[in-house]
Amino acid sequence: MSTMSTASRRSQTDPLDLLAIDDLLTSDEKAVRASVRQVCDASIEPYIADWFERGELPVVRELAKELGGVGLLGMHLEGYGCAGMSAVDYGLACLELEATDSGIRSLVSVQGSLAMYAIWRHGSEEQKQEWLPRMAAGEAIGCFGLTEPDHGSDPAGMRTRARRDGDDWILDGRKMWITNGSVADVAVVWAQTDEGIRGFVVPAGTPGFSAPLIKHKLSLRASLTSELVLDSVRLPASAAFPEVRGLRGPLSCLNEARYGIVWGAMGAARSALRAALEYAGQRVQFGKPIAAYQLTQQKLAHMGVELANGTLLALHLGRRKDGPGLRPEQISTGKLNNVTKALEICRTARTILGANGISLEYPVIRHMNNLESVLTYEGTAEMHTLVIGQAMTGHAAFR
Ligand SMILES: Cc1cc2nc3c(=O)[nH]c(=O)nc-3n(C[C@H](O)[C@H](O)[C@H](O)COP(=O)(O)OP(=O)(O)OC[C@H]3O[C@@H](n4cnc5c(N)ncnc54)[C@H](O)[C@@H]3O)c2cc1C
């Protein structure tokens with residue numbers, strides 16, 4: 001490469017991509033990313049701060065159809081109307097969605113990686129035919145009920161129970177903190193049975209099923225989070241996933257969603273860093289833009305380095321997922337690192353914006369508050385630390 005072109009490339013350093021990770025993407029991957037960004041810019045960005053402030057997602061059905069229309073729902077699944085894209089494509093989509101808002105990425109993750117993936121991987125042919133094409137199109141919304149009021153990190157002790165009654169199943173119990181619950185047309189519910197934990201496909205209109213909205217959240221406000229109440233819900237034998245038994249059923253789905261979070265968290269971080277950079281360049285104190293002070297530059301440099309590291313880590317995991325495959329502890333490494341670092345980046349960005357950092361006029365505190373949920377759901381930071389610890393030492397330290 002000539003000195004000239006090296007110099008011109010250097011002069012174009014993208015502060016949001018210090019390591020030029022873009023050069024590692026194919027043109028098809030960049031096209032996928034651009035089309036997701038287009039949807040976000042047109043249909044979500046202008047409204048998201050207002051939805052967050054109101055604690056609502058008023059157009060969730062329209063949004064689901066729009067996201068389904070561009071192939072974003074279950075996009076990494078094959079068949080049944082799904083787009084069959086690569087893990088890297090899916091990751092790039094998650095990054096752009098979460099650069100808009102973690103709540104929107106959650107809508108897509110829960111639909112595609114939890115509810116649809118559960119049916120796609122563990123469902124009967126009949127269940128797949130019935131639900132997947134409509135879910136891929138965004139005409140039906142799904143949720144995934146694993147967590148309970150008394151069983152979060154340790155779902156093995158769940159109390160929701162399914163018992164047989166002739167050929168039917170009767171489900172009783174309660175699920176908590178369920179994303180998309182109150183708008184879902186279908187819930188994938190995990191319950192104890194005499195044969196161990198099993199998954200059930202529960203249409204929302206089934207008598208005894210209700211999904212009251214959880215209010216007073218200060219995080220993921222542009223996402224609907226609900227309880228699921230199962231009060232003698234009678235289901236036909238065909239509602240159960242035929243084969244899978246035990247926690248490996250739900251855990252297989254969580255691994256899919258966690259992978260998307262590895263990428264998504266870097267989207268929230270990128271948005272916060274962009275806001276901090278713009279603000280620091282314009283805000284003048286003591287006669288100079290605050291970007292010109294070493295202390296601000298130290299913050300920005302640290303944020304840029306962590307964003308680059310996390311994005312590279314996400315891409316590495318994506319390439320492995322598309323190639324030799326991922327081990328759970330590798331996903332834990334990505335989720336633990338990227339969510340923790342994204343939260344750090346947002347908190348630092350918040351300080352650069354001073355008082356404006358606490359205003360919804362800027363995206364920073366919205367992302368920061370959202371990431372508090374992302375740190376907890378899909379396995380808390382502590383659980384992922386223990387997964388990594390077990391993989392490194394051979395000792396399980398969960399109990
Ligand atoms: C906005 C939002 C959306 C969600 N969406 C869904 C959904 O769609 N479906 C679903 O099923 N769930 C969902 N969840 C639930 C989420 O997965 C749980 O909150 C999470 O698994 C943690 O469970 P918990 O809140 O009961 O915390 P707990 O498990 O009670 O943990 C509390 C604290 O104790 C720590 N802890 C627990 N055990 C140990 C241990 N052995 N060693 C050290 N520390 C430990 C935890 O790390 C944590 O810091 C959602 C949560 C939120 C906030």
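Predicted model: local features only at pLDDT ≥ 70, side-chain atom pairs only at ≥ 80, totals over all residues.

**Exercise 1. Follow the hairpin**

Task: Which residues of β3 are the bridge partners of Asp-165 and Arg-161?

Solution: 
- Start with the two strands: β2 covers residues 161-165 and β3 covers residues 168-179.
- They pair in the antiparallel sense, over five bridges.
- Now look for the partners in β3: Asp-165 is bridged to Asp-168, and Arg-161 is bridged to Asp-172.
- Finish at the turn. The hairpin has two residues between its strands, and Gly-166 there takes a positive phi near 65 degrees.

**Exercise 2. Cross to another strand**

Task: In what sense do β3 and β7 pair, and over how many bridges?

Solution: 
- Find β7 at residues 225-235.
- Its pairing with β3 is antiparallel and runs over eight bridges.
- For an example, take Trp-169, whose bridge partner in β7 is Leu-235.

**Exercise 3. Explore the ligand's surroundings**

Task: Which residues come nearest to the ligand, and how much of its exposed area does the protein bury?

Solution: 
- There are 18 residues around the ligand, and those that come nearest are Thr-147, Ser-153, Trp-177, Thr-380 and Glu-382.
- Sort the shell by kind: nine residues are nonpolar, seven are polar and two are charged.
- Next, check the ligand's nitrogen atoms. One is 2.7 Å from a side-chain N or O atom of Thr-147, and a backbone N or O atom of Trp-177 lies 2.7 Å from a ligand nitrogen.
- The protein buries 67% of the 980 Å² that the ligand exposes when taken alone.
- The elements giving two or more residues to the shell are β3, α11 (364-376) and α12 (381-393).

Notes:
Residues numbered from 1 in each chain as written. Heavy atoms only, no water. Pairing = 2+ DSSP bridges. Helix = DSSP H or I, 4+ residues; strand = E, 2+ residues; numbered from the N terminus. Near = heavy atom within 4 Å. Polar contact = N/O pair within 3.5 Å; in protein donor to acceptor, adjacent residues only side chain to side chain. Areas by Shrake-Rupley, 256 points an atom, 1.4 Å probe, with all protein chains shown as cover. Nonpolar A, V, L, I, M, F, W, Y, C, P; charged D, E, K, R; others polar.
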